[in-house]
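Here is a friendly briefing to read with the model open beside you.

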Amino acid sequence: MAGRADGTGHRGTRAGAPPGWAEELLEHLRPAARDVGRLLAWLAATVSAAVSLRDGTGRLLAGSGLALDEDLVADIAAGRIASAACEDRGRHVRLVRVERARPAPAAALAVIRETPFDRRASDIVTRTAQVLELLLAGHESTAAGHRLRRATADLRLAILQLLMVEDTVSARRVAAGLWPGLLDTDTARVYVAESRPEIRDRLAEECLAATGERALVVRCPAMDGHVIALTPREDAGEALRALVGRMPGCRLGGSARQSLARTATAYGQAVSALAVARYRPGRTAVYAQRTRPERLMDPEALRLWTDRVLDPLDALAHHTRAELLATTRLGLEFTAVSTAKILGVSRNTVRARMDRVEGLLRTDFADLTVRATVHLALNAHAGLADRPAPRRPAAGTGLTDLLTGPALRTWAADLLGRLEHDTRNPRRTLRAWIAAGGNAERAARRLGVHAQTVREHVRSAEPVLERRLLAGGSDLYEVVLAHLALGDLDPPPLHGTKPAHPDSPVHG
């Protein structure tokens, strides 16, 4: 067929077949081609026109910014009229209403040509408006899905943050609407799965799919590669372990079973187990699989000592005390920035809370032996809270009673003895580094070596001890307690403690 004089020529078609422009229009519905701007560009080229898409307020959604009768556009978008055609200063204008998914207001498709609209051009505009409605519905549905997933993820994080500060009543109330029964439990485990940050979203989706409604799955707000899962169900843990086994480069650490009020403790345990998982062939580890120093102490003596150390906090209101304990427990494991992200507060709030605890305990968290000892007290407080009150008076129990037991000293000797075979003497370097508060420069000056040498020795000790040291946290505190138990470090100046080895210097 010959082209028309108005410039809207079209291809020849077989009898009964759709015109060529219809096939091209339908191509815009293919998944890879669903783009509103691209569709409007096609319409403009096909009918030799200028095209724009506006909402009822006149806001340009796509296409060109055209001078139009704003009242007419508003009438079209509001539904007072479905379409309009007019001639304005020699321009031929067509306006067509384009429906959008509620609550988004409808829009007006405007097409302006220098030549009048013939039947073909009118059909193309009408059909394009219908395809636009489909594309916009798809985009808005996708956007709504993204918003819903984001809101759900934010809600999961809010629930986890409530559990971190021991507010289990609020956490259960929030969770009940979306995940009924999930937190109807006294105890649960926390798992932390680790991957490369760029695949963390996929890992989170896989964790959700593997556990279904049996776990609270949260993208960690502090660590870009971590996904946190809290679950009361053992089969959910098995599903997570199987998932990690199928995903190269992923690791999983799990906590011991803890009460919901001890979620912060369980989280710290899971992160600690994750460090061990890095050295395991199966890339998974559970906190209970490793002997912990507090497990080698007399439980009654440990409870007495813990009560004595934390006694200055007992006068506080329950909520304030729980908030301070949870923040300090996490603050001793992670940086202030990471702790703030986990709890959903500012880092200044984290520092203020920890400063308050320092003041109440009359001590200084810059000292690694202090941090290790307070960390021990907080873990014991979490793990032994459900035990009956001790019969012995608290005044008769000090740090000496806890650190001089034969089981603990044997554990400490075995742990640090692993370093004896290294001719570089990393054990000596490690002692000096701990005594210097984890500062490589100060330790280097004391030892007469370069700071980088100190860092290399400490880093080389990590796989031997199966503990992260440079990152701080519970792994490092265990090593500090081992040094204290063997008398290699001076005991900390801390309220509620008695010197374990009053004459012991730091061995250089």
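Glu166 is buried, with a relative accessible area of 16%; buried means under 20% relative accessible area, exposed over 50%, and partly exposed in between, with a 1.4 Å probe and protein chains only. Glu166 sits in the loop between α4 (119–164) and α5, and its phi is positive, about 70 degrees, although Glu166 is not a glycine. Please keep in mind that this is a predicted model, in which local features need pLDDT of at least 70, side-chain atom pairs count only at pLDDT 80 or more, and totals for chains, interfaces and linings use all residues. Residues are numbered from 1 along each chain as its sequence is written, and side-chain values use heavy atoms, with hydrogens and water left out.

**Backbone angles and loops**

- Most residues other than glycine have a negative phi, and most peptide bonds are trans.
- Ser48 is a residue other than glycine with a positive phi, near 55 degrees.
- You will find Ser48 in the loop between α2 (36–47) and β1 (50–55); helices (H or I, at least four residues) and strands (E, at least two) are DSSP runs, numbered from the N terminus.
- Ser48 is partly exposed, at a relative accessible area of 44%.
- Arg34 belongs to the loop between α1 (20–27) and α2, and its relative accessibility of 44% makes it partly exposed.
- Although Arg34 and Leu132 are 98 residues apart along the chain, their C-alpha atoms are separated by 9.6 Å.

- Arg172 lies in helix α5 (residues 168–178) and is partly exposed, with a relative accessible area of 30%.
- Between the C-alpha atoms of Arg172 and Thr185, which are 13 residues apart along the chain, the separation is 9.7 Å.
- Helix α6 (residues 200–211) has twelve residues and reaches 16 Å from first C-alpha to last, close to the 16 Å expected at 1.5 Å a residue; the expected span is 1.5 Å times one less than the number of residues.
- The buried residues of α6 are Arg200, Leu203, Ala204, Cys207, Leu208 and Thr211.
- Seen down the axis of α6, these buried residues fall within an arc of 140 degrees, so they line one face of the helix; the arc is that of the directions from the helix axis to the C-beta atoms.
- After α6 comes Gly212, with a positive phi near 60 degrees.

**Cysteines**

- A search of the whole structure finds zero disulfides, a disulfide being a pair of cysteine sulfur atoms within 2.5 Å.
- For the sulfur of Cys250, the closest cysteine sulfur is in Cys207, 8.2 Å away and too far for a bond.
- Cys250 is buried at 0% relative accessibility, and Cys220 is buried with a relative accessible area of 2%.

**Cavities**

- Rolling a probe the size of a water molecule over the atoms shows where empty space is left.
- On a 1 Å grid over the protein atoms alone, a cavity is a set of points where a 1.4 Å probe fits but cannot get out, and a pocket is an open set with protein on both sides within 12 Å along at least five of seven lines; lining residues have an atom within 4 Å of a point.
- Grid points are joined across faces, edges and corners, and a volume is the space filled by probe spheres set on the points.
- Helix α8 supplies the largest share of the lining of the second largest cavity, four residues.

**The largest pocket**

- The largest pocket has a volume of about 570 Å³.
- Of the 33 residues lining the largest pocket, the closest to its centre are Glu333, Phe334, Thr335, Arg371 and Ala471.
- The pocket lining divides into 14 nonpolar, ten polar and nine charged residues; Ala, Val, Leu, Ile, Met, Phe, Trp, Tyr, Cys and Pro count as nonpolar, Asp, Glu, Lys and Arg as charged, and the others, Gly among them, as polar.
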